[in-house]
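Here is a briefing on a single model. Look over the sequence and the fold, then read the points below by topic.

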Amino acid sequence: MEQAMERLNDELPKRGWKVTSYGRDSSRAKNLEIIADSKKFDFSANITFMDKRNSSQEAPADLSKTSGIVVDVVSACFRVPDGKVVDAY
């Protein structure tokens with residue numbers, strides 16, 4: 001999964017994303033983290049590799065047994081222009 005994070009760090013800029021941060025976070029586990037912004041789509045992403053090898057003994061048992069990549073995506077706020085209608089999904 002660390003290799004996947006390295007590939008993301010290399011490939012995101014090629015796809016229009018600006019990586020603003022790549023490295024270990026400030027948690028006790030020192031998770032590997034990428035923070036990236038897409039100006040084209042007004043999104044930001046926080047991608048974190050949570051490695052079970054670095055998990056705390058204090059973590060809940062179900063969280064400390066598996067490794068995983070967590071992705072949080074944030075979108076800019078959008079407003080429907082006056083006179084326009086948004087179709088229901």
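Strand β4 supplies the largest share of the nonpolar patch, 3 residues. The patch covers about 540 Å² and is made by Met 1, Phe 41, Phe 43, Ile 69, Val 71 and Val 73. This is a predicted model: local features need pLDDT of at least 70, side-chain atom pairs count only at pLDDT 80 or more, and totals for chains, interfaces and linings use all residues. Residues are numbered from 1 along each chain as its sequence is written, and side-chain values use heavy atoms, with hydrogens and water left out.

**Nonpolar patch**

- Patches are made of residues with over 30% relative accessible area and no salt bridge; like charges are joined within 9 Å, and nonpolar side chains (Val, Leu, Ile, Met, Phe, Trp, Tyr) within 5 Å.
- Accessible areas come from the Shrake-Rupley method with a 1.4 Å probe; for residues, only the protein chains shown count as cover.
- Val 73 lies in β4.
- Val 73 counts as exposed because its relative accessibility is 54%. Buried means under 20% relative accessible area, exposed over 50%, and partly exposed in between (1.4 Å probe, protein chains only).

**Sheet**

- Four strands form an open sheet in the order β1-β2-β3-β4, with antiparallel pairing. The edge strands are β1 and β4 (68-75), each pairing on one side only. From one strand to the next, the twist averages 15°.
- Helices (H or I, at least four residues) and strands (E, at least two) are DSSP runs, numbered from the N terminus. Two strands pair if DSSP finds at least two bridges between them.
- Strand β1 (residues 17-24) runs antiparallel to β2, with 7 bridges. Ser 21 has Ile 35 in β2 as its bridge partner.
- Strand β3 (residues 43-50) is joined to β2 by 7 bridges, also antiparallel. Here Leu 32 has Phe 49 in β3 as its bridge partner.
- The hairpin of β2 and β3 has 4 residues between the strands, and Asp 42 takes a positive phi near 55°.
- Strand β2 (residues 32-38) is largely enclosed by the rest of the structure, because 5 of its 7 residues are buried.
- The antiparallel pairing of β3 and β4 spans 8 bridges. In β4, Val 71 stands opposite Ile 47.

**Helix on the sheet**

- Helix α1 (residues 2-11) packs on the sheet and touches β1, β2, β3 and β4. Contact means heavy atoms within 4.5 Å.
- The direction of α1 makes about 25° with that of β2. Axes are lines fitted to C-alpha atoms, for helices over the stretch in contact, and angles run from 0 to 180 degrees between N-to-C directions.

**Salt bridges**

- The count comes to 3 salt bridges. The rule asks for a side-chain nitrogen of Lys or Arg within 4 Å of a carboxyl oxygen of Asp or Glu.
- Arg 24 pairs with Glu 2, their closest N and O atoms being 4.0 Å apart. This pair links distant parts of the chain: Arg 24 is in β1 and Glu 2 in α1, 22 residues apart.
- Arg 24 is partly exposed at 46% relative accessibility, and Glu 2 is partly exposed at 28%.
- Glu 11, Lys 14 and Arg 15 are linked in a network of salt bridges. The closest N and O atoms are 3.3 Å apart for Lys 14 and Glu 11, and 3.8 Å apart for Arg 15 and Glu 11.
- Lys 14 is exposed at 64%, and Arg 15 is exposed at 62%. Glu 11 is partly exposed at 30%.
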